[in-house]
Amino acid sequence: MNIAKIVREAREQTRLTALDFATGIFDEFVELHGDRSFRDDGAVIGGIGWLGNQAVTVVGIQKGKSLQDNLNRNFGQPHPEGYRKALRLMKQAEKFGRPIVTFINTAGAYPGVGAEERGQGEAIARNLMEMSDLKVPIIAIIIGEGGSGGALALAVADRVWMLENSIYAVLSPEGFASILWKDGSRAMEAAELMKITSFELLDMKIVDKVISEVGLSSKDLIKQVKEQLQEKLNELGKLPLDQLIEERYQRFRKY
């Protein structure tokens with residue numbers, strides 16, 4: 001396994017984004033904006049679409065595909081208002097009985113002064129608490145980078161999946177190397193130790209499924225994810241709510 005190649009693939013600017021999946025999988029996807037408290041955060045997208053005959057709430061962390069797009073999206077690093085927008089839409093989904101699908105691709109939550117002043121830690125913590133008890137099925141998919149609490153804030157789900165060439169970790173390999181060895185250049189050595197790849201995390205039962213990307217075009221990958229989502233949401237939708245919530249809670253308590 002070439003860890004450096006997987007990390008590069010996960011961070012590749014040409015990877016499919018949350019919006020690509022949202023518009024490619026869900027019919028008549030309508031994006032919704034704002035946290036109703038401060039402003040809209042371009043790093044977090046969300047809305048409603050149809051998966052077959054089922055209305056679904058979709059939330060994702062969005063990176064850009066160009067420099068200007070990345071500036072508008074804050075390079076996929078959400079502010080607290082982004083997490084509050086996500087929670088607003090997820091609570092709306094619970095109210096109307098819509099399942100939730102999240103697409104995650106972030107190096108982490110934005111660590112700027114303004115974000116901290118507006119309660120970044122509280123916003124992430126509240127999402128963790130609220131998602132653990134939402135009374136609808138939730139599926140989270142890591143589609144690129146899954147960085148720290150910034151990713152986990154959208155990943156307290158009944159099922160957590162990863163694309164094959166994605167990563168999921170408590171911090172970046174560069175951050176790990178800088179803390180442990182005071183040498184960020186040893187990032188790939190750190191990545192080997194951290195066990196951040198999809199199949200390593202599947203082996204440890206941190207994630208439930210790895211979605212193959214080998215030899216698939218973007219169109220075929222979207223089609224594959226759509227088919228698997230339909231199957232799993234139908235399955236989760238048949239579970240009694242008490243069982244669904246208890247299994248979700250126990251899934252994360254065991255760590």
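Me: How do the axes of helix α8 and helix α9 cross, and which residues make the contact?

Reply: Two packed helices are described by the angle between their axes and by the distance between those axes. In this predicted model, the axes of α8 (residues 173-181) and α9 (residues 187-194) come within 8 Å and cross at roughly 95 degrees, and the two helices are therefore roughly perpendicular to each other. Axes here are lines fitted to C-alpha atoms, for helices over the stretch in contact, with angles from 0 to 180 degrees between N-to-C directions; under 35 degrees counts as roughly parallel, over 145 as roughly antiparallel, 65 to 115 as roughly perpendicular and the rest as oblique. Helices (H or I, at least four residues) and strands (E, at least two) are DSSP runs numbered from the N terminus. The contact (heavy atoms within 4.5 Å) involves Pro 173, Glu 174, Phe 176, Ala 177 and Trp 181 of α8, and Ala 187, Met 188, Glu 189, Ala 190, Ala 191, Leu 193 and Met 194 of α9.

Me: How many aromatic pairs does the structure hold?

Reply: Rings of Phe, Tyr and Trp (its six-membered ring) pair if their centres lie within 6.5 Å, and planes under 30 degrees apart count as stacked, over 60 as edge-to-face and the rest as tilted. The structure holds 2 such pairs. The rings of Phe 21 and Phe 103 have centres 5.3 Å apart and planes at 10 degrees, so this pair is stacked; Phe 21 in helix α2 (residues 18-25) and Phe 103 in strand β4 (residues 100-106) are 82 residues apart. For Phe 176 and Trp 181, the centres are 6.2 Å apart and the planes stand at 70 degrees, so that pair is edge-to-face.

Me: Is Phe 21 buried or exposed?

Reply: Buried means under 20% relative accessible area, exposed over 50%, and partly exposed in between (1.4 Å probe, protein chains only). Phe 21 is buried at 0%, as Phe 103 is at 0%, whereas Phe 176 is partly exposed at 22% and Trp 181 is partly exposed at 23%.

Me: Where does Asn 74 lie, and what is its phi?

Reply: Asn 74 lies in the loop between α3 (67-72) and α4 (80-96), and its phi is near 55 degrees, a positive value in a residue other than glycine.

Me: Which conventions stand behind these values?

Reply: Residues are numbered from 1 along each chain as its sequence is written, and side-chain values use heavy atoms, with hydrogens and water left out. Local features need pLDDT of at least 70 and side-chain atom pairs count only at pLDDT 80 or more, while totals for chains, interfaces and linings use all residues.
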